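Here is a friendly briefing to read alongside the model. Please keep the sequence and the 3D view open as you go.

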Amino acid sequence: MKVIFKIWRQENAASKGNFESYEVDGLTKDMSFLEALDHLNELLVSINKRVIAYEYDCREGICGQCGVFINGRAHGPHDHMTTCQLHMRSFEDGDTIVVEPWRASAFPIIKDLVVDRSALDNIIEKGGYISAKTGTAPEANAILVGKELADKAMDAAACIGCGACVATCKNSSASLFTAAKINHLNSLPQGKQEASKRVLEMTRQMELEGFGSCTFTGACEVECPEGISILNIAEMNARRTKAKWLG
Amino acid sequence: MFFRKSIIALTGLFLCIFLIVHLSANSILVLPEETARSLYNSYSTTLRESPLIKIVAYVLYLSIILHVVYALLITINNRKAKAKGYRVNQYKENSSWTSQNMGLLGISILLFIVVHLANFWARIKLGMGEGVGLDANGHVDVYEVTYSLFQNGYYVVFYTLLMVPLGLHLHHGLKSAFMTLGFYHKRGLRTIAKVSLVYAIIMAVGFGVIPSIVFLK
């Protein structure tokens, strides 16, 4: 299988960057997308060219490191998927594949396809945790949580922080990410104590980091590898209004 | 930004309610000539003389201004958040064209509102341009202003075509406003999405066909 990769190359945050084309032969349909990039990098090494920088870690769809924009979609042409779960069988022989880094002012480019997603960490630092004394694990049934609530919290907690929601959003809004983190903790008894502070401070930090506002296009929930519902954003808005006016 | 978004949602919902009243009144125009004239003129006279409507009118002006100004400020901020776009972006695969282009649709509607106000509000309320006569009952003949405007085919086409962006804007705006204001009930939102579609179609088709009916009278 032969494809033409059109990849964004940028030396560092300050440099300008441009697309470069690479014709890559000898790929198979069974290769993962990242293996195809590995293959291209091996070719670049063999001709003494600088390799393409891109991020990955687990390569099994759970860590959220491998975020890139492929042919106009976050994580490639399929819904609810990470880049590492994408295989070359999703493309045709001779296809041109355009690969771009996440585009958001809050995610400055470090190199080529690697962006700095620290802005998401900064939001977490404002309340994406519970303040509790550590020690031995508490008795599991000391705090009862109903099945429905546990499921709802788990659905939100599934967020892997990949940044696809920000990348695909026309406003680069981090609302889906922030909402998932807030709703996960605020709906559980353990998170209730700091609920108001959490929602106010995390949403405030989201704005300070330079993310845009949510206009409910719904693109984020389609690109989210975990399929986190956009209803989380509406729920965050409700929690925020309640915290703001009722404390 | 959350405050601004809430204001856009609240003013938007108010404007949605206003449109229902506006369309109900406009439907008088499709009645037979003489009935329509006397009913429409007495209705508009009642509105102009009511102190309550005067307050509502100011709320309406303020709503339009706030909706536009805050939408503009939010859009500027959103553009800053995405300083550089993608070379290739298949956004139609994950969202509707309407939801991605609310600003463009909004500007089209604003253009319509400016022309619409120049045609009616400026002439009747501000007394600009050609004077407006009285009908047989001594009411200001607003019907005549409407009727004569829609004898011009260009205005009929303009008033009809610009209802397309209105319908699209309402379809996304109505359900989106509920979510902005924190309504997150799953089944409720599904109902609201359906209501938004039906509402948008009624508004766009309703306002869109009346000029043609008046033209053909």
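**Chain A at a glance**

Chain A has 9 helices and 7 strands, where helices (H or I, at least four residues) and strands (E, at least two) are DSSP runs numbered from the N terminus. This is a predicted model, so local features need pLDDT of at least 70 and side-chain atom pairs pLDDT 80 or more, while totals for chains, interfaces and linings use all residues. Residues are numbered from 1 along each chain as its sequence is written, chains are lettered from A in the order in which they are written, and side-chain values use heavy atoms, without hydrogens and water.

**Overall build**

- The C-alpha atoms of chain A fill a box of roughly 60 × 35 × 35 Å along the principal axes.
- Of its 247 residues, 51% count as buried, meaning under 20% relative accessible area with a 1.4 Å probe and protein chains only.

**N237(A)**

- N237(A) sits in helix α9 of chain A and is buried, at a relative accessible area of 8%.
- A polar atom of its side chain lies 3.2 Å from the backbone oxygen of T180(B).
- Beyond neighbours within four places in sequence, N237(A) is in contact (heavy atoms within 4.5 Å) with F216(A), F2(B), M179(B), T180(B) and G182(B).

**Helices around the second largest pocket**

- α7 (195-208) and α9 (231-246) of chain A and α1 (2-26) of chain B each supply at least two residues of this pocket's lining.
- α9(A) gives the largest share of that lining, 7 residues.

How values were computed:
Buried means under 20% relative accessible area, exposed over 50%, partly exposed in between (1.4 Å probe, protein chains only). A polar contact is a pair of N or O atoms within 3.5 Å; within protein, one must be able to donate a hydrogen and the other to accept it, and residues adjacent in sequence count only if both atoms are side-chain atoms.
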